[in-house]
Amino acid sequence: MAYNKPVPRKGQHHEPFWEGAKQGKLMVPRCNDCGRVHWYPRLICPYCHSTNLDWTQASGEGTLYTYAVQHRAFGGWGEEAPYVTAYVDLLEGDRMMTVLRGVDPSRPQDIQIGCKVRVEFEKVDDETFLPFWRVVED
Ligand SMILES: [Zn+2]
């Protein structure tokens with residue numbers, strides 16, 4: 001079945017992200033001046049406003065910062081509801097919004113803030129893979 005959910009537009013300045021995703025690597029922008037990683041990709045560092053940025057491969061590990069159960073949605077996501085959206089703190093710093101896998105949306109009380117999560121990639125087509133995060137055991 002064809003992928004039927006919204007896909008972010010690919011901009012020229014985040015090409016390394018898309019190329020990494022094809023290989024199962026989470027690529028994130030890092031500032032060469034202050035050393036911090038940021039998410040989402042931007043042309044300037046949100047911390048020090050430098051434009052001296054590079055890409056680095058993140059570990060793909062993080063912890064759950066917060067989450068919410070989505071009971072209603074449109075299009076392809078509507079077919080998957082209920083599902084859990086979350087913010088994940090990347091091991092390298094900053095925070096990524098995601099759909100959280102490996103949890104039961106009907107049992108939100110079982111989802112633990114601070115639990116370990118790992119990135120995985122879902123195929124949209126041969127050129128496009130999207131990151132999602134899954135709860136993993138310690
Ligand atoms: Zn910076």
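**Figure 1. R101 and its bridge partner in β7.** Start here with R101 in this predicted model: its bridge partner in β7 is R134. The two strands to look for are β5, covering residues 95-101, and β7, covering residues 128-135. They run in the parallel sense where they pair, and 2 bridges link them.

**Figure 2. The largest nonpolar core.** This core holds 18 residues, and A86, V88, L100 and W133 are the ones that touch the most other members. At least two residues each come from α1 (15-22), β1, β3 (61-70), β4, β5 and β6 (116-125). The largest share belongs to β4, which supplies 4 residues.

**Figure 3. A closer look at A86.** Here we pick out one of the residues that touch the most other core members. With neighbours within four places in sequence left aside, A86 is in contact with L64, T66, Y67, T98, L100 and W133.

**Figure 4. Two cis peptide bonds.** One joins W39 and Y40, with omega about 15°; Y40 is found in the loop between β1 (27-31) and β2 (53-57). The other cis bond runs from A81 to P82, and its omega is near 0°. For P82, look in the loop between α2 (75-80) and β4 (83-90).

**Figure 5. H49, a positive phi in the loop between β1 and β2.** Most residues other than glycine have a negative phi. H49 is not a glycine, yet its phi is positive, at about 70°. You will find H49 in the loop between β1 and β2. H49 counts as exposed because it has 10 C-beta neighbours inside 10 Å, and the cut-off for exposed is 12 or fewer.

**Figure 6. D94, a positive phi in the loop between β4 and β5.** D94 is also a residue other than glycine with a positive phi, in this case near 65°. Its place is the loop between β4 and β5. Is D94 buried, exposed or partly exposed? D94 counts as partly exposed, because 19 C-beta neighbours lie inside 10 Å, while a buried residue needs 20 or more.

Note on methods
Residues numbered from 1 in each chain as written. Predicted model: local features only at pLDDT ≥ 70, side-chain atom pairs only at ≥ 80, totals over all residues. Pairing = 2+ DSSP bridges. Core = buried A, V, L, I, M, F, W, Y, C linked by C-beta atoms within 7 Å. Contact = placed C-beta atoms within 7 Å.
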